[in-house]
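Subject: Structure handover

Hi,

Here is the structure I promised to pass on. Please open it first, then read my notes below.

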Amino acid sequence: MALLKKRSNELSSSPSARVSVSLRVGRDELGLAPDACRKLLGKARLMGAWDHFYADSAFNASLSTHYVNLPHWLALTWDEVALLKLPVGEQHSAWQWLPLVNAAQNPLVHPHVQPYAAWGLGVSPAAA
């Protein structure tokens, strides 16, 4: 299963604010206590460096943006899933669990997220 979030806000206009610190993400975006977050981070696996290209930017609608994302794969037990307190508010307006195959192919899932689900299925992102 893949946990998907719907962003409530645009990406930050500050390049330094775009750097996601794992503990902050675990605490603020997943609602994990710091000790639980540290424990889970030890299980996370780097998926590689992924390029994201946008036609616009936070600075100018006619200026393109290139992000290099460093996503991590984290397989959770049901007990670990129970620790999540998925906040709805300024950062995310909704959360949804989807089977990986659905997340990889569903046109309602953001095009930059679909390859992550395909990766989790062992499918080459280019073939997804």
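One definition before anything else: a patch is made of residues with over 30% relative accessible area and no salt bridge, where like charges are joined within 9 Å and nonpolar side chains (Val, Leu, Ile, Met, Phe, Trp, Tyr) within 5 Å. Areas come from the Shrake-Rupley method with a 1.4 Å probe, and for residues only the protein chains shown count as cover. A salt bridge is a side-chain nitrogen of Lys or Arg within 4 Å of a carboxyl oxygen of Asp or Glu.

This is a predicted model: local features need pLDDT of at least 70, side-chain atom pairs count only at pLDDT 80 or more, and totals for chains, interfaces and linings use all residues. Residues are numbered from 1 along each chain as its sequence is written, and side-chain values use heavy atoms, with hydrogens and water left out.

**Surface patch**

Leu46, Val68 and Leu70 make a nonpolar surface patch of about 290 Å². Leu46 sits in strand β2, residues 45-46. Leu46 is partly exposed, at 49% relative accessible area. On that scale, buried means under 20%, exposed means over 50%, and partly exposed is in between (1.4 Å probe, protein chains only).

**Overall layout**

The chain has five helices and six strands. Both are DSSP runs numbered from the N terminus: helices are H or I with at least four residues, strands are E with at least two. Along the sequence the pattern reads β-α-α-β-β-β-β-α-β-α-α. Of the 128 residues, 24% count as buried. The chain exposes about 8,500 Å², and carbon and sulfur atoms supply 59% of that area. Contact means heavy atoms within 4.5 Å. Among contacts with a separation of 6 or more, 62% come from residues 24 or more positions apart.

**Helix α2**

Helix α2 covers residues 34-41, and Ala36, Cys37 and Leu40 are buried in it. These residues lie on the same side of α2, because they cover an arc of only 100° around the axis. The arc is that of the directions from the helix axis to the C-beta atoms. An α-helix has 3.6 residues a turn, so residues three or four places apart point the same way. Asp35, Arg38 and Lys39 are exposed on the other side of α2.

**Nonpolar cores**

A nonpolar core is a set of buried Ala, Val, Leu, Ile, Met, Phe, Trp, Tyr and Cys residues joined through side-chain atoms within 4.5 Å. The largest has seven residues: Leu98, Leu100, Ala103, Ala104, Val109, Ala117 and Ala118. Helices α4 (100-105) and α5 (114-120) are the elements that give two or more residues to this core. The largest share, three residues, comes from α4.

Ala117 touches Leu100, Ala103 and Ala104, leaving aside residues up to four places away in sequence. Pro99 lies in the loop between β6 (92-98) and α4. Pro99 is partly exposed, at 34% relative accessible area.

A second, separate core has five residues, including Leu32, Ala36, Cys37 and Leu84. Leu32 is in the loop between α1 (22-29) and α2. Leu32 counts as buried, at 6% relative accessibility. Not counting residues up to four places away in sequence, Leu32 touches Gly26, Arg27, Cys37, Leu40, Leu83 and Leu84. Leu32 and Glu80 are 48 residues apart in sequence and 9.8 Å apart in space, C-alpha to C-alpha.

**Salt bridges**

How many salt bridges does the rule give? The count is two.

Lys43 and Glu80 form one of them, at 2.8 Å, N to O. This pair links distant parts of the chain, 37 residues apart: Lys43 is in the loop between α2 and β2, and Glu80 is in helix α3 (residues 78-83). Lys43 is partly exposed, at 38% relative accessibility. Glu80 is buried, at 10%.

Asp28 and Arg27 also meet in a salt bridge, at 2.6 Å, N to O. Asp28 is partly exposed, at 37% relative accessibility. Arg27 is partly exposed too, at 44% relative accessible area.

Best wishes
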